[in-house]
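Hi,

Here is the structure I wanted to pass on to you. Have a look at it first, and then read on for what turned up in it.

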Amino acid sequence: MNSLEASRVLSVLDETIDNLRLLSYVTIEILDTAEQLKDVLGEDLVNTLIKHRGLLQNAKSSLSSEPVLASTWELARLLKKSPSATRLQTLHTERSPALLQVLSYFERLRQYAQKRLTTTVEEDNSNREYFEEVKEREERAVAEKLQLEQKLKLQRVELQKQANAVQSAEDKARAELHDVQTNMSETINALQKDSSSTRHDDRDGYQIEYDMLHKELSDAKAQLVRLREEHKENEATLRKTKKRAQQDVESVIGEYDTDVGNKEDEYQKALTEYNSVMAQLEIFTVGYNEMYTERMEYEERERKLAQERLEEGLRRVRRVRAAFVIQGAWKAFKARKAAEAKRRKKLEAAKKKGKK
């Protein structure tokens, strides 16, 4: 398709979009209150609105009938010509969402058609290859991101298992400490009950047993402290591992963002070059149209001059032919006159001889 046909297609789409945009302001409220808007919109436009409303009311079951379509085209033509049609936009009525959606669809269709009609096959293939490459890179980045997230989940599960193990050990130590404390309390109570009767007899044995229990308590406390320290070290190790994993993920995401940013810059540069080429093409198109117009005007002038020369030649030929015809007729007339004169002279001479 050449540029002229492409411009015709785009002009048809532009005219359709303009008509739809104007018709979107003709809402049900405008049609119902058309009589009250005569001072605002003008008598011709209001009469057309009233006529269109009557056709819509009569053809509710078939909106695609010929009268409704003809009235719609007439209304669009009048809205485009009437200077008061712009006042419809100031009435602040709610336009039809369906018509707005159709208008948006035609605008996107116009953009897509312009892009397709003004893009060469080489540019289209280049853009398709570029987008395929970007898509492939993005898919690889998403796959790597999913793998890293899966690794992070596994590390979190392992860390949770280790934390659960530490928590279980701590709970066990606390339970043992509680048992020891309970046993010690029970033993102390028993000793206190028996101390009233056997204080002097069992003082040494009690002291030894008390020391043993105290030592067990100290050992249990020391074990509890040690388990707490091990828990803190394990927690610190787990936090460092988690932080390293987060840093790795952030590094991969940063590299992906940098790559996408570079591709965006390349795309913007390519778009700038494309816009520059399109601007030059538009300038060349304008020059071509001017030269084509001048050429057509020159050919029209030459055709008119050739037509005038041909008509002048035909008139000259007709004059020459008429002159030849007139001269031949004159010569024939003179010959007839001369012959008649000779004949009369002969008759007169014969008459004179007869008289003698």
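Searching the whole structure turned up 12 salt bridges (a salt bridge being a side-chain nitrogen of Lys or Arg within 4 Å of a carboxyl oxygen of Asp or Glu). Before the details: this is a predicted model, where local features need pLDDT of at least 70, side-chain atom pairs count only at pLDDT 80 or more, and totals for chains, interfaces and linings use all residues. Residues are numbered from 1 along each chain as its sequence is written, and side-chain values use heavy atoms, with hydrogens and water left out.

One of the bridges pairs Arg140 with Glu136, with 3.3 Å between the closest N and O atoms. They sit 4 residues apart in helix H7 (residues 121-355), so about one helical turn separates them. (Helices are DSSP runs of H or I, at least four residues, numbered from the N terminus.) Arg140 is partly exposed at 43% relative accessibility, and Glu136 is partly exposed at 44%. For those words, buried means under 20% relative accessible area, exposed over 50%, and partly exposed in between, using a 1.4 Å probe and protein chains only.

Glu170 and Arg174 make another bridge, their closest N and O atoms being 2.6 Å apart. These two are also 4 residues apart in helix H7, so again about one helical turn lies between them. Glu170 is buried at 10%, while Arg174 is partly exposed at 41%.

There is a network too: salt bridges with shared partners link Glu133, Arg137 and Asp259. Within it, Asp259 and Arg137 have their closest N and O atoms 3.5 Å apart. Asp259 is partly exposed at 29%, as is Arg137 at 27%.

Cheers
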